[in-house]
Structures are given as structure tokens and as C-alpha cells.
Amino acid sequence: MPELSRRRALTAAAVVATTAGTWSASTPATAAGHHDSHGTFDEVYKGRRIQGRPAAGAGHHHHGAGYAVFVDGVELHVMRNADGTWISVVSHYDPVPTPRAAARAAVDELQGAPLLPFPAN
């Protein structure tokens, strides 16, 4: 067996570090793929009822990757970004990790104001 030289030890350490960095960088993308199967939620958040469920038919105006979110029974239009985060028409510039977080962010942004229906076209 060849003797372990300083050069080989440093090369091995660099390979391990690069592999670990590549693995951790690819983990969020892999984990984001698991967000495709969001379950349903129904809760009261800050006095507002928020609900979310997979959408039955994703029409042309649904950009939420087949997921519907409601605040007090009014649909909150959500959209999934390429990186797996979610935004809504209310908190468009604040991406969040889940549709539930998008609903909560919208409630925070509304500050008690009612969510008005968003026109389909």
C-alpha cells in the first residue's frame, strides 16, 4: 500500500469537501421535489381561517402547481417558484417554503383587511 503523503491527504480532503458541498447544494432541490405532495391544512391563524388542499382541476389561472389556498373562504392565488418556494398575490415579493406559510404571510400582510376575490382573467 502506498504511503500517505501530504499531497495525497490534501487531495483526498479536497475531494471530500467538494463532494459534501455538491451533495448539500443538491439536497434542497431534491427536498423541493417532495413538496409536490403537500397535504391539506385547515387552521385559524391570527383569527383568520386558512385552508389549503390539492386543487382538483388546475385551470389556466391556477399557477399554484395544482394547490388551492383560501383565507376566510376566499381563494388566495398562490404560485410555486422554480426553486420550490411559494408566493401569493398578497405577499408576492416574500417567497416562503410552503403553501401554509404563504397563507400565513398573506394574513400578516392583510393586517385584518378582507381578502378580495382575484379576477380569473
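Contact, in these notes, means heavy atoms within 4.5 Å. Helices (DSSP runs of H or I, at least four residues) and strands (runs of E, at least two) are numbered from the N terminus.

I am working with a predicted model, where local features need pLDDT of at least 70 and side-chain atom pairs count only at pLDDT 80 or more, while totals for chains, interfaces and linings use all residues. Residues are numbered from 1 along each chain as its sequence is written, and side-chain values use heavy atoms, with hydrogens and water left out.

**Entry 1: helix α2**

The buried ones in α2 are Pro99, Ala102, Ala103, Ala105, Ala106, Val107 and Leu110. What covers the buried residues of α2? I found that the cover includes β1, β2, β3, β4, β5 and β6.

A reminder to myself: an α-helix has 3.6 residues a turn, so residues three or four places apart point the same way.

Then I checked the length. The expected span is 1.5 Å times one less than the number of residues. For the 12 residues of α2 that gives 16 Å, and the end C-alpha atoms are 16 Å apart, so the two agree. Just after α2, I noted that Gln111 has a positive phi of about 50°.

**Entry 2**

Next came the pairing of strands (DSSP must find at least two bridges between them). β1 and β2 pair in the antiparallel sense, over 5 bridges. I followed one of these from Phe41, and its bridge partner in β2 is Gly52. The two strands form a hairpin with 2 residues between them, and Lys46 in the turn has a positive phi of about 50°.

**Entry 2: salt bridges**

How many salt bridges does the structure hold? I get 5, using the rule of a side-chain nitrogen of Lys or Arg within 4 Å of a carboxyl oxygen of Asp or Glu. I went through some of them.

Glu43 and Arg104 meet through their side chains at 2.7 Å, N to O. Glu43 sits in β1 (residues 41-45) and Arg104 in α2 (residues 99-110), so this pair ties together parts that are 61 residues apart in sequence. Glu43 is buried, at 17% relative accessible area, whereas Arg104 is partly exposed at 31%.

Asp108 bridges to Lys46, with the closest N and O atoms 2.8 Å apart. Asp108 lies in α2 and Lys46 in the loop between β1 and β2 (48-54), so the parts tied together here are 62 residues apart in sequence. I read off 33% relative accessibility for Asp108, which is partly exposed, and 61% for Lys46, which is exposed.

Arg48 and Asp72 form a salt bridge at 2.5 Å, N to O. Arg48 is in β2 and Asp72 in the loop between β3 and β4 (74-76), so parts 24 residues apart in sequence are tied together. Buried or exposed? Arg48 is buried at 10%, and Asp72 is partly exposed at 41%. I also noted that salt bridges with shared partners join Glu43, Arg100 and Arg104 into one network.

**Entry 3: aromatic pairs**

A pair of aromatic rings is described by the distance of the centres and the angle of the planes. The rule takes rings of Phe, Tyr and Trp (its six-membered ring) with centres within 6.5 Å; planes under 30 degrees apart are stacked, over 60 edge-to-face, and the rest tilted. I find 1 aromatic pair. Tyr67 and Trp86 make it: edge-to-face, 6.1 Å centre to centre, with 65° between the planes. Tyr67 belongs to β3 (residues 67-71) and Trp86 to β6 (residues 86-88), so parts 19 residues apart in sequence are tied together. Tyr67 is buried at 5%, and Trp86 is buried at 1%.

Ser88 lies in β6 and is buried at 2% relative accessibility. Leaving aside neighbours within four places in sequence, I list Leu76, His77, Val78, Ala102 and Ala106 as its contacts. A polar atom of the Ser88 side chain is 3.2 Å from the backbone nitrogen of Val90.

Asp83 is in the loop between β5 (78-80) and β6, and it is exposed at 54%.

Technical notes. Buried means under 20% relative accessible area, exposed over 50%, partly exposed in between (1.4 Å probe, protein chains only). A polar contact is a pair of N or O atoms within 3.5 Å; within protein, one must be able to donate a hydrogen and the other to accept it, and residues adjacent in sequence count only if both atoms are side-chain atoms.
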